[in-house]
Amino acid sequence: MMVLLFGLLLLCVLIIWIGWHKLAITTTLVTLVLLCAWFSHHVTSALNIQL
Amino acid sequence: MNNHHLIKAANILSLLGIIIVLVIAGVVQLQWHDLPCPLCLLQRAGLSAVALGFLLNLRFGARSTHYAISLFACIFTVSVAVRQTLLHIVPGTGSYGSAIFGLHLYVWVIVICAMLTLWIALLLLCNKQFLPERAKTVKTGKFITMILFLLIVGVMLFNIVSTYLECGLKQCPDNPVKYELISQ
């Protein structure tokens with residue numbers, strides 16, 4: 001999963017490089033949301049919380 | 001050197017600082033065979049996301065949206081680092097990885113993110129950088145920006161390859177001791 005997240009970050013850099021501003025911002029924000037989701041999944045599974 | 005050039009130099013320095021931190025993490029991983037845990041990888045990803053805000057500033061000119069992205073990423077990264085610090089804060093619970101100047105890497109991440117947040121707030125104090133006529137003058141330093149782009153791409157490629165070798169496409173082990181895909 002972390003490979004995919006790093007891949008998304010690399011995709012963001014490439015989109016910035018190409019120059020698509022709105023797409024770059026959207027992709028970056030989506031990546032941040034996915035990072036938060038993965039972190040919360042990690043915390044809840046480590047604490048064995050049933051949501 | 002006018003106000004706009006100062007802000008651009010500040011963005012270049014910030015980006016360079018983040019790249020240096022990520023390179024140090026890579027050197028520690030390779031030199032000391034210190035494999036990154038899942039939380040360490042999330043901190044690396046968070047710092048890379050902070051760098052994206054500065055990259056956006058260098059590519060499209062300074063905008064508050066770009067600083068907001070860096071601030072969001074700072075908050076995320078510091079949350080992960082605090083979580084990892086709290087896991088080891090009780091005496092006798094051990095620690096993860098090697099210490100540099102007496103502090104473990106996840107504690108350094110808290111310090112760095114706090115400094116980055118203050119730094120971004122300082123950069124946001126300069127209103128003139130957002131004026132439209134200033135934003136059009138983003139022409140200088142294209143060579144440095146290109147080098148920084150290449151460096152950040154290199155760091156991210158290293159992270160992708162090392163993470164793939166360490167965990168494959170599944171969830172990384174909590175306490176990794178070997179590269180799963182190499183040492184089978």
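Helices are taken here as DSSP runs of at least four residues, numbered from the N terminus. In this predicted model, helix 1 of chain B covers residues 3-31, and just after that helix B:His33 takes a positive phi of about 50°. Helix 1 of chain B comprises 29 residues and reaches 41 Å from its first C-alpha to its last, which is close to the 42 Å expected at 1.5 Å a residue.

A search of the whole structure finds 2 disulfides over all chains. In chain B, a disulfide is formed by B:Cys37 and B:Cys40, with their sulfur atoms 2.4 Å apart; the link of B:Cys37 and B:Cys40 is right-handed, with 80° about the S-S bond.

The contact between the two chains draws 39 residues from chain B and 29 residues from chain A. The size of an interface is often given as the accessible area lost when the parts come together. For chain B and chain A the buried area is about 3100 Å², and carbon and sulfur atoms give 83% of this area. The count of salt bridges between chain B and chain A is 0, whereas 6 residue pairs are found in polar contact across the interface, both residues of each pair being at pLDDT 80 or more. On the side of chain B that touches chain A, the elements giving two or more residues are helix 2 (38-60), helix 3 (64-87) and helix 6 (142-167) of chain B. Helix 2 of chain B gives the most to this side, with 13 residues. By residue class, the side of chain B that touches chain A divides into 25 nonpolar, 8 polar and 6 charged residues.

Notes
Residues numbered from 1 in each chain as written. Chains lettered and ligands numbered in written order. Predicted model: local features only at pLDDT ≥ 70, side-chain atom pairs only at ≥ 80, totals over all residues. Heavy atoms only, no water. Contact = heavy atoms within 4.5 Å. Buried area = accessible area lost by both parts, 1.4 Å probe. Salt bridge = Lys/Arg side-chain N within 4 Å of Asp/Glu carboxyl O. Polar contact = N/O pair within 3.5 Å; in protein donor to acceptor, adjacent residues only side chain to side chain. Nonpolar A, V, L, I, M, F, W, Y, C, P; charged D, E, K, R; others polar. Expected span 1.5 Å × (residues − 1). Disulfide = S-S within 2.5 Å.
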